[in-house]
Amino acid sequence: MSVTSLLNRFKSASANPTPSESLALSQLAPSILNLTITDSPEQWALYESLLLSTLRTGDDTSARLILQRLSDRFGNDNARIMALQGIYDEATATNNAQLEEVLKNYGDVLKDDPTNIPVAKRRITLLHHLSKKSEAISALATLVDLNPTDAESWSQLAQYYFELSMYSQAIFSLEEVLLILPNAYNIHARLGEINYVAAEAIGNSAGKEVVEKLEASLKWYLRSVELCDGYLRGYYGIKTVTAKLLESKISASHRTIPEEKVNKLNSAATVQLHDIVTGSEKGKKGFAGYDLAEVAAAKELLETTP
Amino acid sequence: MARSLPSKLLIAFSSLLLAHACYSAHEHSLLSTTATTPPTTPSSSSSPSTPGTPTTGSSLPLDITLETLISVSLLLVGIISSGWELKPISLRNYAGGVESGRVLVDGQVKRGGLFGGLEERPGFLDVRKQRKEFTEWMKVQG
């Protein structure tokens with residue numbers, strides 16, 4: 001196989017592949033390592049993806065060799081190579097003391113060069129992995145201060161806040177992402193989800209605050225399907241939120257969106273979800289992109305709420 | 001590219017019309033040279049005007065001009081309306097196409113949509129967690 005077709009195989013897998021996917025990709029290691037090195041950007045991108053795959057599956061000998069070739073080519077002081085070296089060290093560490101050592105190394109690197117973004121991200125991830133969540137958050141907050149146009153960091157910060165149930169901070173961080181990438185429809189849907197979870201978390205379910213959160217959630221979901229036609233996640237959210245808003249215990253006095261409109265949105269979302277579920281189940285050509293687990297969830301939602 | 005029947009007919013008809021217009025123009029130019037050259041050059045050898053070039057007075061008749069213009073416009077309409085699939089130019093369509101798998105990115109279905117990187121975040125990859133998941137999966141597999 002050529003470098004391009006191999007690279008496409010890696011590209012079609014996500015950053016969080018399933019174990020069987022990882023295994024299949026990692027087993028490509030011998031054939032990739034046996035290719036002659038042409039020094040093309042594609043080949044190095046392939047090496048980088050392969051390194052991550054082999055580390056996931058525990059093929060440390062291949063990983064060592066790949067890392068060696070990468071650092072021979074780009075040098076040990078390249079920021080990206082340093083981060084890859086760090087990933088290798090993290091993955092192969094056997095106990096917490098070794099992990100602390102890796103963490104210390106990251107700290108030393110950052111002391112010399114605080115703008116080494118890849119290593120800063122590694123340090124934050126490792127802090128979070130070692131359950132030092134508040135330290136991870138403050139380090140990430142410093143990083144976004146330093147580099148405020150990095151959408152990935154803001155998005156990660158939102159995730160950390162979300163895990164600690166700090167919903168308003170999470171929402172703020174995601175809104176920062178939208179300032180950088182206003183068309184990111186999945187972030188709109190994510191904002192809908194967080195607002196919905198925040199509404200659920202308030203508890204006493206009839207209050208003004210709950211209705212406000214639910215309506216905010218609905219608006220974010222609506223924007224996400226406005227930006228992306230046939231967005232399964234968005235329609236799923238619209239159906240869930242509108243069903244919640246139509247529950248009798250939500251008092252109508254707090255609502256700003258008229259009930260008739262909510263009803264209409266609910267049935268529109270039902271129609272769209274139904275189309276996607278039937279299209280995907282029949283294996284029609286234009287529906288191959290939907291995630292099967294998501295389609296199954298949508299089907300279940302349609303069955304439980306008519 | 002799939003073409004609908006009416007536009008196919010339109011393309012065929014207008015092509016025929018265009019070919020006819022070309023043929024008429026050609027015939028007309030031949031006719032005008034043969035019709036105008038003999039009276040001006042009766043002796044046929046000592047003539048200042050070379051035979052075969054149309055005289056300035058004979059221009060193309062109006063019906064041939066009209067036929068050409070109409071056939072070209074009809075041909076254009078036929079080609080444009082022949083129903084090939086246009087590439088989506090609005091984000092809503094394009095993103096929706098990528099999401100549902102109608103639109104291929106680099107020749108394959110793109111998982112996670114256009115902004116998937118924002119939720120996968122490769123820079124913050126927790127490799128130890130993924131490694132643990134993999135070992136557990138391997139144990140289950142036996």
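Author: Start with a term: domain bounds here come from an automatic or database domain assignment. Bear in mind that this is a predicted model.

Reader: ok, which domains is chain A divided into?
Author: Domain 1 covers 1-74, domain 2 covers 106-182 and domain 3 covers 183-306. Between the centres of domain 1 and domain 2 of chain A, taken over C-alpha atoms, there are 27 Å.

Reader: and what's in the largest nonpolar core?
Author: That core has 85 residues. Those with the most contacts inside it include A:L51, A:L214 and A:Y235.

Reader: what does A:Y235 touch?
Author: Leaving out residues up to four places away in sequence, A:Y235 touches A:V225, A:A269, A:Q272 and A:L273.

Reader: switching topic. how many residues of each chain are in contact with the other?
Author: On chain A there are 43, in contact with 37 residues of chain B. Several helices of chain A each supply at least two residues to that side, among them α1 (3-12), α4 (41-57) and α13 (208-227).

Reader: which one gives the largest share?
Author: α8(A), with five residues.

Reader: and how do the residues on that side of chain A divide by type?
Author: There are 20 nonpolar, 16 polar and seven charged residues on the side of chain A that touches chain B.

Reader: what about chain B, how many helices and strands?
Author: Five helices and zero strands. Buried residues account for 15% of its 142 residues.

Reader: how many of its contacts join residues at least 24 apart?
Author: In chain B, 64% of the contacts between residues at least 6 apart in sequence do.

Definitions and conventions: Residues numbered from 1 in each chain as written. Chains lettered and ligands numbered in written order. Predicted model: local features only at pLDDT ≥ 70, side-chain atom pairs only at ≥ 80, totals over all residues. Contact = placed C-beta atoms within 7 Å. Helix = DSSP H or I, 4+ residues; strand = E, 2+ residues; numbered from the N terminus. Nonpolar A, V, L, I, M, F, W, Y, C, P; charged D, E, K, R; others polar. Core = buried A, V, L, I, M, F, W, Y, C linked by C-beta atoms within 7 Å. Buried ≥ 20, exposed ≤ 12 C-beta atoms within 10 Å, placed from the backbone.
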